[in-house]
Amino acid sequence: MNRRPARRRIAVAATTTAVLAAGTFALGAGIAGADAGSKGGQHAKPVTKAQVLGLFDRWNAALQTGDPKKVADLYAKDAVLLPTVSDRIRTDRAGIVDYFEHFLQNKPQGTKIESVVNVLDRDTVIDTGVYEFELTDHGTGAKSTVKARYTYAYEKQPNGKWLIVNHHSSKMPQG
């Protein structure tokens, strides 16, 4: 009984399996690399804390325009807004614009008091802290200050622009 042809078949089968496995691994790594590159590239510089803090300044400047659509432009299409002075969760552009139509009547001017930035990865950051808004009553002109806790979650979009994907703000409890 000649065993050489059987050994050759086993060797050919083992080699073919190894080549297929290596090709499958390479294809998977290529796909993963392409996915990682789709939102800023593998070689993109990591975002800095100063850049993240600048995102609030951009948002605050949009408030100063008095245009709710300019503010809403800073939110992703599927963003969630849990605003300070509304009991409704806003989950689409129309709801976000509606909130800011009312909020901007008070001519808000925000100032950060404390900020903690967490860079989760090259495309996702969270800015959490305390801010206050000086508000002007649109009927009487009286000014008031509201101190609130906030969380902004930002995602870098494929076009490189950072947008808010989640924004929560709640009035500070007394205590």
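This is a dialogue on how to read a predicted model of one protein.

Visitor: What should I know about the model before reading it?
Guide: The model is predicted, and local features need pLDDT of at least 70, side-chain atom pairs count only at pLDDT 80 or more, while totals for chains, interfaces and linings use all residues. Residues are numbered from 1 along each chain as its sequence is written, and side-chain values use heavy atoms, with hydrogens and water left out.

Visitor: How many helices and strands does the protein have, and what pattern do they follow along the sequence?
Guide: Helices (H or I, at least four residues) and strands (E, at least two) are DSSP runs, numbered from the N terminus. Here there are four helices and five strands. Along the sequence the pattern is α-α-α-β-α-β-β-β-β.

Visitor: What share of the residues is buried?
Guide: Buried means under 20% relative accessible area, exposed over 50%, and partly exposed in between (1.4 Å probe, protein chains only). Of the 175 residues in the protein, 31% are buried. As for the surface, accessible areas come from the Shrake-Rupley method with a 1.4 Å probe, and for residues only the protein chains shown count as cover. The protein exposes about 11,000 Å², with 56% of it supplied by carbon and sulfur atoms.

Visitor: How does the length of helix 2 compare with what its residues should span?
Guide: The expected span of a helix is 1.5 Å times one less than its number of residues. Helix 2 has 16 residues and should span 22 Å; its end C-alpha atoms are 23 Å apart, which agrees.

Visitor: Which residues of helix 2 are buried?
Guide: Val52, Leu55, Phe56, Trp59, Asn60, Ala62 and Leu63 are buried in helix 2. They cover an arc of only 160 degrees around the axis, so they are on the same side of helix 2. The arc is that of the directions from the helix axis to the C-beta atoms. Just after helix 2, Gly66 has a positive phi of about 75 degrees.

Visitor: What does helix 4 pack against?
Guide: Contact means heavy atoms within 4.5 Å. Helix 4 (residues 93–103) has Gly95, Ile96, Val97, Tyr99, Phe100 and Phe103 buried. The buried residues of helix 4 pack against helix 2 (49–64), helix 3 (68–72), strand 1 (75–82) and strand 3 (124–136). For the protein, residues 24 or more positions apart account for 51% of the contacts with a separation of 6 or more.

Visitor: In which sense does strand 3 pair with strand 2 and with strand 4?
Guide: Two strands pair if DSSP finds at least two bridges between them. Strand 2 (residues 109–121) and strand 3 pair in the antiparallel sense over 11 bridges, and Lys112 has Tyr131 in strand 3 as its bridge partner. A hairpin through two residues joins strand 2 to strand 3. Strand 3 also pairs with strand 4 (residues 143–156) in the antiparallel sense, over 13 bridges. In that pairing Leu135 stands opposite Ser144 in strand 4. Six residues lie between strand 3 and strand 4 in their hairpin, and Gly141 in the turn has a positive phi of about 85 degrees.

Visitor: How is a pair of aromatic rings described?
Guide: A pair of aromatic rings is described by the distance of the centres and the angle of the planes. Rings of Phe, Tyr and Trp (its six-membered ring) pair if their centres lie within 6.5 Å; planes under 30 degrees apart count as stacked, over 60 as edge-to-face and the rest as tilted. A search of the whole structure finds 16 aromatic pairs. The rings of Phe56 and Trp59 have centres 5.7 Å apart and planes at 35 degrees, so this pair is tilted. Phe56 and Trp59 are three residues apart in helix 2, which means they are separated by about one helical turn.

Visitor: Which residues does Tyr154 touch?
Guide: Tyr154 is in strand 4 and counts as buried at 0% relative accessibility. Not counting residues up to four places away in sequence, Tyr154 touches, among them, Leu55, Phe56, Asp123 and Trp162. Tyr154 and Tyr75 are 79 residues apart in sequence and 8.7 Å apart in space, C-alpha to C-alpha.
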